[in-house]
Amino acid sequence: MISIKNISKWYGSFQVLTDCSTEVKKGEVVVVCGPSGSGKSTIIKCVNALEPFQKGEINVDGISVGDPKTDLPKLRSRIGMVFQNFELFPHLSVTENLTLAQIKVLGRTPDAARDKGLKLLDRVGLMAHKDKFPGQLSGGQQQRVAIARALSMDPIAMLFDEPTSALDPEMINEVLDVMVQLAQEGMTMMVVTHEMGFAKRVAHRVIFMDAGKIIEDCTKDDFFGAPRSERAQLFLSKILHH
Amino acid sequence: MNYNWEWGIYLAAEPGGTGIYIKYLVIGLGWTLATALAAWVIALAIGLVVGTLRTTPHKWVVRLGNAYVEVFRNVPLIVQMFLWFFVVPELLPKALGDWVKQMAPPWGSYLPAVMCLGLYTSVRVAEQVKAGIGSLPRGQGMAGTALGLTLGQNYRFVQLPQALRIVLPPLTSEFMNVIKNSSVALTIGLLELTGRARAMQEFSFKVFEAFAAATVIYLLTNLVVVFAMRALEKKVQVPGLISASPTAGAH
């Protein structure tokens with residue numbers, strides 16, 4: 001589904017990604033973790049071309065992301081993305097947030113878009129808030145709306161960029177619950193997160209990154225059981241300490 | 001100071017034969033508003049486009065926008081007014097230039113004044129629009145892009161509606177500036193409010209009364225603008241969204 005081959009990326013002369021390769025199969029849930037600045041957010045933003053990369057190749061469902069001839073808006077509309085800071089559109093109501101791209105990008109009728117959006121809003125348990133504006137919701141609620149907004153486009157895969165990092169602790173679980181449910185339904189997911197509980201519960205594979213390189217790329221059991229690299233062992237011992 | 005105010009002068013007939021002085025001044029206000037409003041429409045249209053273009057990822061488009069802004073921002077308004085009135089008609093194709101020069105008054109002054117004020121103000125609007133878009137979190141544009149919106153759709157539906165709400169208060173100042181700046185059009189012979197106050201002073205020698213009236217009329221006009229824009233700000237306010245308006249609660 002998503003294949004990343006030997007990609008490298010530079011900001012000016014500073015190299016943020018070095019020769020990264022991995023593969024995400026259909027229905028697979030891959031957690032990407034690592035210390036801050038390790039390039040984990042950058043790599044998933046390369047997958048839907050929010051960030052350009054200078055070397056290597058990424059294919060999503062057989063379509064090359066780096067090819068200048070690729071219709072990027074169309075490709076992006078098929079990949080859902082959830083951001084650390086939710087990024088709901090604050091000037092639009094919850095319902096309008098859910099329908100805007102369905103109408104403008106997919107060409108759905110306003111009625112069809114509304115039906116679809118409200119169904120997903122119900123699924124994340126926020127039907128009562130359909131006419132509110134993002135600024136009137138809690139962080140956890142906003143992030144659930146953001147997930148529903150991404151799902152409303154019927155994506156073939158979902159990318160999560162630290163979806164719970166900006167949340168108060170008591171709101172993390174309501175978002176993780178939605179993500180766990182999604183994983184269990186077979187959604188293809190790449191999740192950048194520090195939530196190791198989530199990784200243990202639903203991830204198939206874990207990728208550990210440091211300084212722009214993929215250090216570990218192994219099954220969940222291998223990663224939590226016996227990570228090969230010293231760097232990953234150190235990272236785990238620090239974040240699993242509590 | 002010993003000055004004998006003669007308030008009755010407003011009701012005296014002006015020598016041009018159009019009626020009493022106060023009517024003469026109010027017609028001037030009409031020309032001030034006609035000039036300012038037409039210029040404001042041009043300024044908003046161009047400013048919106050140029051300001052937006054300057055935030056696009058296309059390097060050459062940004063440079064072109066910057067060049068436009070620097071040209072109109074760095075030349076004094078009165079110089080631009082003279083350029084539009086004396087120089088531009090000479091640069092046009094001969095037939096068009098002659099037509100402009102032979103336009104009956106006040107149109108021969110009105111048209112250059114509107115063009116001048118419109119473009120002069122457009123770069124100020126462009127600056128505000130650019131700043132507004134720049135003040136949005138980078139993730140907003142990214143979220144629109146990630147959903148598959150094209151660059152144009154992203155501006156139209158995601159970034160501009162937010163940016164314009166943010167820059168509404170500074171745009172109010174620009175709107176008031178265009179009304180006040182229209183007084184410079186008197187230098188190319190447009191008899192707007194200031195021009196008429198000056199004419200009244202010359203006819204009647206009542207300089208205090210003439211400019212007292214102009215001052216009060218400008219003041220009242222701009223107060224109307226302030227209240228209208230505040231009402232607009234209130235109308236487009238989004239529930240729960242942080243707003244620049246002082247009426248919003250502390251965040």
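The exercises below, each with a worked solution, concern a predicted model with chains A and B.

Residues are numbered from 1 along each chain as written, while chains are lettered from A in the order in which they are written. Because the model is predicted, local features need pLDDT of at least 70 and side-chain atom pairs count only at pLDDT 80 or more, whereas totals for chains, interfaces and linings use all residues; side-chain values use heavy atoms, with hydrogens and water left out.

**Exercise 1. The interface of chain A and chain B**

Describe the interface by its contacts, its buried area and its salt bridge.

Step 1. Taking contact as heavy atoms within 4.5 Å, 24 residues of chain A touch 23 residues of chain B.

Step 2. Buried area is the accessible area (1.4 Å probe) that two parts lose on being put together, summed over both; here it is about 2000 Å², and carbon and sulfur atoms give 71% of it.

Step 3. A salt bridge requires a side-chain nitrogen of Lys or Arg within 4 Å of a carboxyl oxygen of Asp or Glu. The rule finds 1 across this interface, in which the side chains of A:Glu51 and B:Arg138 meet at 4.0 Å, N to O.

Step 4. Helices (H or I, at least four residues) and strands (E, at least two) are DSSP runs, numbered from the N terminus. On the side of chain A that touches chain B, the elements giving two or more residues are helix 2 (72-77), strand 6 (79-82) and helix 3 (94-104).

**Exercise 2. Salt bridges within each chain**

Locate the partners of A:Arg205, B:Glu6 and B:Arg73, and say which parts of the chain these pairs involve.

Step 1. The whole structure holds 23 salt bridges over all chains. In one of them, A:Arg205 pairs with A:Asp217, the closest N and O atoms being 3.1 Å apart. A:Arg205 lies in strand 9 (residues 205-210) and A:Asp217 in strand 10 (residues 213-219) of chain A, so this pair ties together parts 12 residues apart in sequence. A:Arg205 is buried at 13%, whereas A:Asp217 is partly exposed at 31%.

Step 2. B:Glu6 pairs with B:Lys206, with 3.2 Å between the closest N and O atoms. B:Glu6 belongs to the segment before helix 1 (21-53) of chain B and B:Lys206 to the loop between helix 8 (193-204) and helix 9 (207-235), so the parts tied together are 200 residues apart in sequence. B:Glu6 is partly exposed at 39%, and B:Lys206 is buried at 17%.

Step 3. B:Arg73 pairs with B:Glu70 at 3.1 Å between the closest N and O atoms; both lie in helix 2 (residues 59-73) of chain B, 3 residues apart, about one turn of the helix. A network of salt bridges links B:Arg54, B:Glu70, B:Arg73 and B:Glu127.

Terms used
Buried < 20%, exposed > 50% of the residue type's maximum accessible area, 1.4 Å probe, protein only.
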